[in-house]
Amino acid sequence: MNKPTVDSKSQAKSVYAARKAGSTPMAATPYKGIDLSDVISGQYDAEEAVDAPESEGGKRVLAPQFDSPKLHKVLAQAGMGSRLEMEKLIAEGRISVNNELAHVGQRVQHGDQIKVDGKPLRIRIDPPPARVLAYHKPAGEIVSHDDPQNRPSVFRKLPRLQNGKWQSVGRLDLNTEGLLLFTSSGELANQLMHPRFGLEREYAVRVLGALSKDEKQKLLDGVMLDDGLAQFGSIEDGGGEGSNCWYRVTISEGRNREVRRMMESVGHAVSRLIRIRYGAMVLPHGLRRGAWLELDEADIRSLMRAAGGAERPRPVTELPSRTNRNDRRPRTGGQGRAGTAVPRAKPAAKPNMLPGGSGLPSTESAKPSKSYIGAESFNRLKKAASAPGRGGRGGGRSR
């Protein structure tokens, strides 16, 4: 691989100087995704080389989400009485949550079992909104909670959740670096990984020896692996020195060691592999190896749309005017109640029309658009880091 250029070294020194002055790389770096050219030029490695590892204390805990309603409010909304009456029931010890006596002011959440005088009460509590982390995985970490060999795990670096646990969106093998997404929602994780939506994964891959024209075409048409046919969505030359050749490749599935096995099937061993994009979420400059970034609500909504998640239709507050006097059909909502008109949800977009989808025309480049998912979250961290007396939440290693 090429050595870092003078420009990349000077930029790295300026970033290091800014850190010593009290700011963070995110505050000084504009939002820009890691590109194959950054890897080849050496800038990708130069950013990490000047960033000396810091001593890590206890695990950092994310700020709690205040979406858990108070018990007496939930009971009152269920029609059992006023909030004051419900507080009295709780104080008398007649209410239990998960088989334990409740206390006044207690909050409940999705999945809690509530009983009144020993009888279960069926109520609806909405699940908490999904939280998503973008993590820059270094080589040498495994994506697993349990490992007999006790190797470093990506989950050791992540902040703690108040409830539940992080679920990885796919996996990266031990020696693969780059972007790895985590979410607190199992449903969102499954949607992001489902082959139906074909979210592209983009990699910078270095192999031993240049690919011939026939080998490239074979990889695009599909090669037979042990677990079935596999193919690249695109292959783009990246250059390199000597026998080391870089390529930008895209795939639309997440099978185990798929990129490595495909390259090996045409006789080329992979010496380095970096994931730089997942759908429309890119690995940004300034996010150090072993560091994570929490996505904002707007970015999570974009991610859900990319994964085919249907948004709930908003109820119409005004009744539509009746243009035909003979039209006597009742205006009903989703549960047959008169007086509310609920529009039908729009059909989900086709996979090839989704952001970061795999259905790009063959004449166009496979690079993502400039409307990256993660920009809102990144800009929020920049503002937080530049504000006096404040630091970016989730912008660095676990504290």
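**A walk through the predicted chain**

Of the 399 residues in the protein chain, 42% are buried (under 20% relative accessible area; exposed is over 50%, partly exposed in between, with a 1.4 Å probe and protein chains only). This is a predicted model: local features need pLDDT of at least 70, side-chain atom pairs count only at pLDDT 80 or more, and totals for chains, interfaces and linings use all residues. Residues are numbered from 1 along each chain as its sequence is written, and side-chain values use heavy atoms, with hydrogens and water left out.

The protein chain holds eleven helices and 15 strands. These are DSSP runs numbered from the N terminus: helices are H or I with at least four residues, strands are E with at least two. Residues 24 or more positions apart account for 70% of them.

Now look at two loops between strands. Most residues other than glycine have a negative phi. Asparagine 99 has a positive one, near 65°. This residue sits between strand E1 (95-97) and strand E2 (100-101). Asparagine 99 is exposed, at 57% relative accessible area. Aspartate 117 also has a positive phi, near 55°. Its loop runs between strand E3 (114-116) and strand E4 (119-121). Aspartate 117 is partly exposed, at 44% relative accessibility.

Last, turn to lysine 70. This residue lies in the loop between helix H4 (43-49) and helix H5 (71-77). Lysine 70 counts as partly exposed, with 34% relative accessibility.

Definitions and conventions: Contact = heavy atoms within 4.5 Å.
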